[in-house]
Every structure is written in structure tokens, then in C-alpha cells.
Amino acid sequence: MSRGDGHVGDEAPATPHTPALMSPSARSVADVVFDAPVEQPFSYRVPDDMTVGAGQRVAAPLGGAERVGLVVGVREESVVSARLRPITRLVDAAPLLGPSGLEFARFLAGQSLTSFGSTALALLPPPGPGATSAVASAVSEAVTPESPLVLSGSGRERRLLDRLAGPRVALVITSDVESAGRWAQRLEKLARVARLDSGADDAERAAGWHALATGRARLAVGTRSALLTPLPAGATVALIDEHEAAHKPPGPPRLHSRDVILERGAREALSVVFTSATPSVEMWWRCESEAATLASVTPARWPAVTIADPRGITRREALTPPVSRAMREALAAGRRVFLEVSRVSSGLGCDECGAIFRCDRCGVAFGWSAVRRTLTCWLCGAGRPPMDTCPQCGGRRLTPFGWGVERVEQSVRRRFPSARIARYDPEARRGRRGEDQRAAAAGAEVVIGTRGALKLFGPGALGLAAFISPDQLLGLPDFRAAEHTFALLWAAAERVHPEGELIVQSRNPSHYALEAVAQQDLATFYRAELKFRAELGYPPFRRLAVIVVRPRGDGLVERVTAALAGARQLVAYPPIAIPGRRGSRIVVKGGPDLPQVLAAALGDLLSVRRQRPGIMEVEVDPVEWPF
DNA sequence: AGCACGCCGACT
DNA sequence: GTCGGCGTGCTC
């Protein structure tokens, strides 16, 4: 993280090129990058009656079609090849990014091993009409750089609002449009709000971008496409729910909004504020090492938390007696019930003691294939036949995890035939059904759903939240399994009324994620999790990347493996065949400079990735494992 | 990424 | 004999 001067939107010239001053024979040539996996820019002739500057989007012919690209430089050439084709039209009336904005986008591209063009274009608002003013020169004021602030605990959003009430320019980044809408409404009470997310139409977004840049708007709300919005020094950038995986969705720009903001904040002396009930382990670690500040936590009123051990109850029964009892009580009191179901069933565990079988080397749960009868570590590739008895307790009932929504619903209906029960599993199928489900769930007393269903409930809205089988989440073959489970349990607890109850059915009742929620103590979780991460070399102590290679013909996997083996700073795990799809996955571990080292090691292989659906994808700092 | 060119299999 | 698979290379 280097501290530079200047910031994203500054010093973009309003008139980048003045033809009148050039000798009559000189022609302007613009270098343009596109959303394509090619690094080098393409050159175009700038028509005499057109003015373009770096940081401005234009449309130009490429490969037989007109495409939108970003101008990265303009040159004056006395001799221009006749083969150079002209720019077709302007997409933005003026540059959206200044020189430091372009430099920042280039830096980000290097971090994510994604082409400059793909990165920059993915971080800009969709092209729309209405942008008439150039990016303003920002007023530089002396600002003491502040350490990023993490607001946790109850009332964290209230405290963010208080901070945003001041005179400072502020940009609020959310993970999704729905949340952006909520924040826009809240902020409207403070000042006029420019919406930069897709909840606003294109013209409104473009106008908002410039309104913020020119100081005509003080507050703005957006998603990832607002991350490069020009801001004056001293402005605030807030990230809502910092721990959410949705801040790094699949596909370009393959960047976590948190990392973009931290880097931008350091470069431009911005005030960075994150909210999160359960900060990411990376962010917690920053706070511990004083690279960020955790705001003193005001604990919320917490519901009673019960860990119910389902061992010994029939395997046909989804609900333990404590859950049935609590359901009856909640329904009798007229309070709502949420039953969380984790649909994954990819691990093997012991029915007797609750142990989840893990790879000794990597600490992640083995994946279980019933067809092939093998346990496989998705990370290092180690495979083995299932054990006959549990190595921990000698138990003989070894079963795959498996409570799906359907089975739980049947089980619950048998027990509570007269309750209004609805299912909510929006991930299951797309389309209209999602809306129907939502409507049904809104009127139901009992909602049975996957983790996505939690957002149906506001704080304190539930009488009971019960997790049917969170061991399925804890047992995922992912080193972030505990972190994700912890965040989910905590979020559920916040949605339960203080007089209500949170029940977790688990065969691992002493797991630190469960204990931390029961005790309402964040540190209990992060202490144990950081120890695990340090011992086995996971983030934040080491960085990871996942390379997906599709091995068509020519031994590409072998070439990639050989290239990685040559880099001493990297640990590359052996390639693992991807179940279902054709291809292999290679996990790479490295230090803080992982992107640079990886790029150097792969060399040409990175640029030679031509193929139908991605011959080679490189995901740096993955949040969710590709299965 | 798209798209065209180009060389080997099964088919109206 | 063609139609079409996708491997290879290019796009200003």
C-alpha cells in the first residue's frame, strides 16, 4: 500500500486536445483499451472535429464490431498510418477518470491479474447520456490521514449516519441494489443523495457521478461501479457489511470492494469507514495490528442461545426437542420462526461424536463422493477411502451431511400441521418463483429457508431462529467455512427478539464459532480462527489464488504447473480435476506480493489464454471456492 | 472476449 | 462430395 498524492478524479483536463494549436499535418491518435483479455491498447485516429482525452470512453471498431473502450492516452503524430480507423463516437462527453484515476485502475488490474481494460470498464458506471461537465479539479486540503474505522456492534449503522451528517462529501458503497436503495432513503434525510447504482437509470447515474465530482452533491450511494467516483481529499468512503462475500462477485474486475477502498483511502487521504457485525478475519487482523481501528462495541440485547445436540435423535427427525418446544412457545406468543437449512451435502461425518473428517495437512473438510466412495481434499488433492470407524470416538455410524429444505419441511409439517409454513430458498431456482416465495414467506409464521432467507427479517423480528444442521456449513471444504458460519449465526441472533431464542443444532457444540455467538463475544471467534489461519498458512497470513485451467490437448496444465514450480516464493498444490466440468484447478499460496510473483511466473501463459469459456482463469484472494 | 480462417470426421 | 467441429491467430 503506497501513499501517493492526487486522487482518482483529479486534474482531468476539460479540453485535452486543442487541434488549432497543432500543425495542420499533425493528427491525433488515441490509444484505447477494451473489455477483453488483451493487455495492449489499440490505436485509433481521432476525427478532426472530435476532442477526446485520457479517461474518456469512446466507441470504436474492433474485430468487426463497434465496441466501447476507454481512452488511455492521446498522441500527436505527424504521420498516421492509413490503416488506422477513426473513433466512431464519444460515449462520455468528458473524461470520467483523471491521470491518477487511470493509474489506480492500472494498479488494480495488476492486483487481480485481469486486463486493464476489463478492470477499468467494470469499475465505471454504465454509459448513459447526460454527462456534460468534465471531472472537476479537486480542491486539495491538508488532511491528516486517518486509520480505517470498523464500526461493529449494535447501532453501527446509526453511528455511520451520524458521521455522514457532517459537511464532508461521502460515498456509501453497498453490496447490492436493494441495500443501496435502503441507504439512499436513509441518507435523503441528511442531504440530497446521488444514486450511482443500477437502482437509478443510466442518465441519473452519469449525472450523479459528475454531481459528486463537481461538489453539486455531497452524498452518494452506489455499488461496485461507483468505486472510482472522483472524491475530494478528506471525503468519506463507507462500505456497508464489509464481511459480505457479495463485495467480490465472480467475474471481472475480480476485486473485493474492501481492498479497493482501503487502497484508495490510503492514496487519497480519504476517511474510510466500514460497518459489519462480524468483520472479515482479514479486517479483524488489521485492527489487531493497528492498521485499522475497531470502534468500541456496544453489545445488542442478545437472545438466549442454546446449542442442542441432535445425536441420539432419530435421523428421520429434523427437530430436536428444544427446537420443537421453542417453536410451540414462539407460535403461541404470536412470534415468527425461522428454520435455517443448509442444503449442501458434500462431507462425511461421524453420527456418534459429530466429528467432521478433515485433511490432516490442510485442515479443510474432505469432500465425500458416494459414487466413487472416496474422501478427497479439494485443496491438496489428497484422496483416501472412507474410514470404517470414526478415528475420534471409534463410532461406526459414518454418514454424509444431509438435511435439505424439502425433508425439513415434511418433518415440520408432521409436527405442526396447523401452522402457516412457507419455504424460502431463492438460490434453488431463478425467476418468478422467487417472488411467489417471498410473498408466501412474508405471511408465514414459520419460514424454512437457506441462509439467503435471513434478509426477510429485520432486527428483532423473530421469536425463534433455529439452525437445523449448521455442521453442514462448518464441514464445507473451505477454509472460510467457520467464518461464514459464524457470520450467519451472528446475523441470525441480531434478528431475534431479545426475549426470543436462538437454537443451534450441532454435533460440535464446543466449536469456537458457536461458543462466540452464545457468549456474544467476537474476540472468542477471531482468536481461535486466527490461530487456525496462522498455523496452516491461510489469509491474512498468506495469500491464495486459484487457477482454473482447461486442458485442451496441448498439456497446458503441465506447462502451468512447470511455470509455477519455477517460482520459489510460491507454493503450488498439485492440479485437481474439477468434478463435473472438464479442467483442473491449481491452488497457489504466496506472500503479500502474490499477484506480481504469479504474473511473473505465468508470463506468456497469462496472455495466451484464448478459449471459449476461459482457458485459464486466475482468481486472486478468492472468497468463495469454485466447486 | 468475439470472430474469421482452416484443417479433419459423419452426413443431407 | 459438402457441413461443421473447434484449434489458432487477430483485432487498431
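Residues are numbered from 1 along each chain as its sequence is written, while chains are lettered from A and ligands numbered from 1 in the order in which they are written. In this predicted model, local features need pLDDT of at least 70, side-chain atom pairs count only at pLDDT 80 or more, and totals for chains, interfaces and linings use all residues.

Helices and strands are DSSP runs, numbered from the N terminus (helices: H or I, at least four residues; strands: E, at least two). Strands of a sheet pair through backbone hydrogen bonds, either parallel or antiparallel. Here, two strands pair if DSSP finds at least two bridges between them.

An open sheet of 6 strands has parallel pairing. Its order is β13-β23-β22-β14-β21-β20. The edges are held by β13 (304-308) and β20 (421-424). Each has a single partner strand, so one side of each lacks a neighbour in the sheet. From one strand to the next, the twist averages 15°. Angles run from 0 to 180 degrees between N-to-C directions, and axes are lines fitted to C-alpha atoms, for helices over the stretch in contact. Within this sheet, β22 (residues 462-467) and β23 (residues 496-505) are parallel and share 5 bridges. Leu464 stands opposite Glu501 in β23.

Helix α12 packs on this sheet. The helix touches β13, β14 (336-340), β22 and β23. Contact means that the C-beta atoms of two residues, placed from the backbone, lie within 7 Å. The direction of α12 makes about 150° with that of β23.

Helix α12 (residues 481-495) also meets helix α13 (residues 512-519). Their axes come within 9 Å and cross at roughly 20°. The two helices are therefore roughly parallel to each other (angles under 35 degrees count as roughly parallel, over 145 as roughly antiparallel, 65 to 115 as roughly perpendicular and the rest as oblique). The crossing is right-handed, a term for a near helix turned clockwise from the far one by less than a right angle. From α12, the contact draws on Ala482, Thr485, Phe486, Leu489, Trp490 and Ala493. From α13, Ala513, Ala516 and Val517 take part. By class, 8 of the contact residues are nonpolar, 1 is polar and none is charged. Ala, Val, Leu, Ile, Met, Phe, Trp, Tyr, Cys and Pro count as nonpolar, Asp, Glu, Lys and Arg as charged, and the others, Gly among them, as polar.

Another open sheet has 3 strands, in the order β16-β17-β18, with antiparallel pairing. The edge strands β16 (367-369) and β18 (383-384) each pair on one side only. Strand β17 (residues 374-376) is joined to β18 by 2 bridges. Leu375 stands opposite Arg384 in β18.

Arg373 lies in the loop between β16 and β17. Its phi is near 50°, a positive value in a residue other than glycine. Arg373 is exposed, with 9 other C-beta atoms within 10 Å. Leu113 also has a positive phi, near 55°. Leu113 sits in the loop between α1 (99-112) and α2 (116-122). Its 22 C-beta neighbours inside 10 Å make Leu113 buried. A residue is buried if 20 or more other C-beta atoms lie within 10 Å of its own, exposed if 12 or fewer, and partly exposed in between, with C-beta atoms placed from the backbone.

One joins Pro252 and Pro253, with omega about 5°. Pro253 lies in the loop between β10 (236-239) and α6 (257-268). The bond from Pro539 to Pro540 is also cis, with omega near 10°. Pro540 lies in the loop between α14 (522-536) and β24 (543-549).
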